[in-house]
Amino acid sequence: AGPERAAKAGKAVGKREAGEAVDGTERAAQARRTGDAADGSHHRNPHSSAATMKFRDMLSRGEKKTLKPVKQHSTLKRSTLSKLTKRTLGSGNLRAAVRLPDDEDLFEWIAANTVDFYNEISLLYGLVVDEAQERFTQAGEGFPPGFEYRWGQGNTKKPLRVSSPEYVDYVMTWVEDQLDNEEIFPTLASVPFPDNFLDYAKDIYKRLFRIFAILYHRHFSTFEELDAQAHLNTCFKHFLFFVLEYELVDPKELVALKGPVERLKEEYSAQGSG
């Protein structure tokens with residue numbers, strides 16, 4: 001089942017939730033520091049750096065918190081796949097870390113990684129949430145240059161204009177609800193994933209990418225102050241490699257971080273597929 005689903009990963013068309021809109025999707029002014037930050041993500045290993053320990057210590061002391069509670073894997077299989085990813089990340093080859101393991105199911109692989117990315121982004125945004133809520137209080141504030149992300153609620157015809165911290169909270173709450181929905185992420189081996197699982201996954205990854213764009217454009221200086229920029233860079237690089245491997249985000253969305261994405265695409269290609 002894994003190889004067959006892998007072949008479909010680049011073909012499924014992600015559905016856009018009614019009412020959600022992006023303003024100015026064809027242009028995004030690129031801050032030089034933002035581009036350099038993401039591009040330099042491979043120069044340091046944050047998992048062993050003093051920088052990572054600094055903000056991890058802050059978390060353990062209760063000075064900083066994740067935006068949402070850490071989400072546990074709902075099945076032993078996904079927990080096992082998550083541990084496999086973490087071991088492979090230690091090799092330094094991110095292309096290998098995102099590749100579907102032999103004899104594994106593509107949907108299970110994407111499900112496991114989705115929970116891990118959700119937790120990482122919850123940690124990253126938790127570092128800046130207080131600052132974001134103070135700085136960006138008006139609708140339309142706090143987004144990447146040239147973009148305004150809006151939130152569509154259910155059958156609401158007109159998307160809701162919000163600030164970036166409000167948007168991030170909507171996204172993370174919505175993603176958590178998707179992960180808890182057993183019709184999308186089944187927890188019983190006897191229950192299959194829905195045939196359109198990739199459509200749901202693409203909706204999730206699109207919105208998670210938008211949070212990275214917000215973090216880089218509006219909060220990178222805070223990550224520098226916390227000595228946490230290396231961790232942000234590596235998390236984004238891992239996320240983007242995964243997105244590229246399975247074509248989970250429309251290229252028009254990636255324009256919000258055009259410079260960093262283009263450079264990381266080159267690195268992704270250079271690492272090869274073999």
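View 1. Val115 is part of helix H6, residues 106–126 (helices are DSSP runs of H or I, at least four residues, and are numbered from the N terminus). This is a predicted model, where local features need pLDDT of at least 70, side-chain atom pairs count only at pLDDT 80 or more, and totals for chains, interfaces and linings use all residues. Residues are numbered from 1 along each chain as its sequence is written, and side-chain values use heavy atoms, with hydrogens and water left out. Val115 counts as buried because its relative accessibility is 8% (buried is under 20% relative accessible area, with a 1.4 Å probe and protein chains only). Leaving aside residues up to four places away in sequence, Val115 touches Lys71, Gln72, His73 and Leu179 (contact is heavy atoms within 4.5 Å). His73 sits 42 residues from Val115 along the chain, with 6.9 Å between their C-alpha atoms.

**View 2. H4 against H6.** Helix H4 (residues 76–89) packs on H6 at about 70 degrees, axes 9 Å apart (axes are lines fitted to C-alpha atoms over the stretch in contact; angles run from 0 to 180 degrees between N-to-C directions). So H4 is roughly perpendicular to H6 (65 to 115 degrees). Residues making the contact include Leu81 and Thr85 of H4, and Trp109 and Asp116 of H6.

**View 3. Helix H8.** The 17 residues of H8 (residues 164–180) should span 24 Å at 1.5 Å a residue, and the end C-alpha atoms agree, at 24 Å apart (expected span is 1.5 Å times one less than the number of residues). Among the buried residues in H8 are Tyr167, Trp174 and Leu179. Their cover includes H6, helix H7 (129–135) and helix H9 (197–225).

How values were computed. Helix = DSSP H or I, 4+ residues; strand = E, 2+ residues; numbered from the N terminus. Buried < 20%, exposed > 50% of the residue type's maximum accessible area, 1.4 Å probe, protein only. Parallel < 35°, antiparallel > 145°, perpendicular 65-115°, else oblique.
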